[in-house]
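I'll start with the overall layout, then zoom in on a few spots.

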Amino acid sequence: MKNKTNVGLWDIKKIYKNPMSMVLIGLVLLCVGITFYFNNQTSKVISFESTIAKEIKNYKLGIAVLEKEIRSGSFSDQQKAMRRNDIKLSQKLLKRDLSIQKYLASKKWSQAYALRLKTIDMDKKLNQNETTDPTRKPLENAIERERLRFLALKKRNVQKYNEDFSANGTGFFLWTWQNIIPVLLTLVSVYIAVNLFGESYRSRINVSLLIPQLELVINMWHIGITWIVSSVLLLMTSLLTLSTGTIVNGFGSLNYPVLFYELPTMSMPRLQ
């Protein structure tokens with residue numbers, strides 16, 4: 001039993017003493033740091049709060065342009081009437097977005113999402129009227145996806161974040177497991193396996209045969225240590241992503257809705 005334990009310790013020492021192992025850990029930390037930085041910066045730009053602020057700015061600018069066109073003499077009465085209707089609609093949407101912005105600032109998520117759903121329902125009706133538009137179906141799916149998401153967010157009363165660029169604790173943790181961990185698991189496992197099996201050969205001699213153990217047992221130890229060390233490193237990476245996101249942007253919500261697709265139709269039956 002002691003000899004078996006020594007094989008495992010021998011493998012761990014080979015990994016620990018190899019200078020490239022420190023380089024690998026440094027690359028992992030660098031990868032996590034860079035991705036978090038870009039996620040954090042991008043999430044601020046495309047956040048729901050930022051989207052509402054941009055819409056408010058665009059509505060105000062659009063209303064000013066329409067009012068200027070109405071005052072000019074280059075439009076017919078019918079064209080001016082159309083622009084007055086557009087102003088009324090823009091003012092209605094502007095008032096709604098101002099209310100949403102107020103609710104978001106007060107962290108009254110459900111009230112904000114309820115107002116947003118009204119705008120989404122209006123977009124859905126307008127899109128359904130465009131029966132000749134070839135892009136109607138993809139747009140309809142996008143509107144329905146947004147409607148389902150805001151319905152779930154309203155029900156659970158949690159803050160919305162962009163899932164493609166998550167930067168809070170739980171969001172960045174899940175984003176890492178979806179986009180980074182699979183690649184890291186492969187690269188780390190391959191590196192450790194090459195390190196253990198390759199280091200056994202020196203001057204074309206398999207020095208692992210000098211250990212008083214069967215070659216099969218030694219190889220099994222190599223494979224086991226590869227997965228153990230890889231798992232430990234990935235666990236540390238996961239804890240790092242969770243703690244980094246939590247420290248900078250808060251923990252997030254464990255009750256955040258996740259969109260599920262139904263294969264092979266790729267329909268969206270539910271959010272969980």
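**Overall layout.** I counted elements first: the protein chain has nine helices and four strands. I'm keeping in mind that this is a predicted model. Reading from the N terminus, I get the order α-α-α-α-α-α-α-α-β-β-α-β-β.

I looked up how much of the chain is tucked away: buried residues are 35% of the 272 residues. Then I checked contacts with a separation of 6 or more, and 72% of those in the protein chain join residues 24 or more positions apart.

**Helix 3 and helix 4.** Next I wanted a pair of helices. Two packed helices are described by the angle and the distance between their axes. For helix 3 (residues 48-71) and helix 4 (residues 77-105), the axes come within 9 Å and cross at roughly 155°. Angles over 145 degrees count as roughly antiparallel, so that is what helix 3 is to helix 4. I noted the crossing of the two as left-handed. Sorting the residues of their contact by class, I got 14 nonpolar, three polar and 10 charged.

**Tyr-59.** Which residues does Tyr-59 touch, leaving aside its neighbours within four places in sequence? I found Ser-90, Leu-93, Leu-94 and Asp-97. Tyr-59 itself lies in helix 3. I also looked at Lys-95: it is 36 residues from Tyr-59 in sequence, and their C-alpha atoms are 9.7 Å apart.

**Helix 7.** Last stop, residues 169-179: here Gly-169, Thr-170, Gly-171, Phe-172, Trp-175 and Thr-176 are buried. At the start of helix 7, I saw a side-chain oxygen of Asn-168 reaching to within 2.7 Å of the backbone nitrogen of Gly-171.

Definitions and conventions: Residues numbered from 1 in each chain as written. Predicted model: local features only at pLDDT ≥ 70, side-chain atom pairs only at ≥ 80, totals over all residues. Heavy atoms only, no water. Axes fitted to C-alpha atoms, helices over the stretch in contact; angles between N-to-C directions. Parallel < 35°, antiparallel > 145°, perpendicular 65-115°, else oblique. Left-handed = near helix turned anticlockwise from the far one by under 90°. Nonpolar A, V, L, I, M, F, W, Y, C, P; charged D, E, K, R; others polar. Buried < 20%, exposed > 50% of the residue type's maximum accessible area, 1.4 Å probe, protein only. Polar contact = N/O pair within 3.5 Å; in protein donor to acceptor, adjacent residues only side chain to side chain. Contact = heavy atoms within 4.5 Å.
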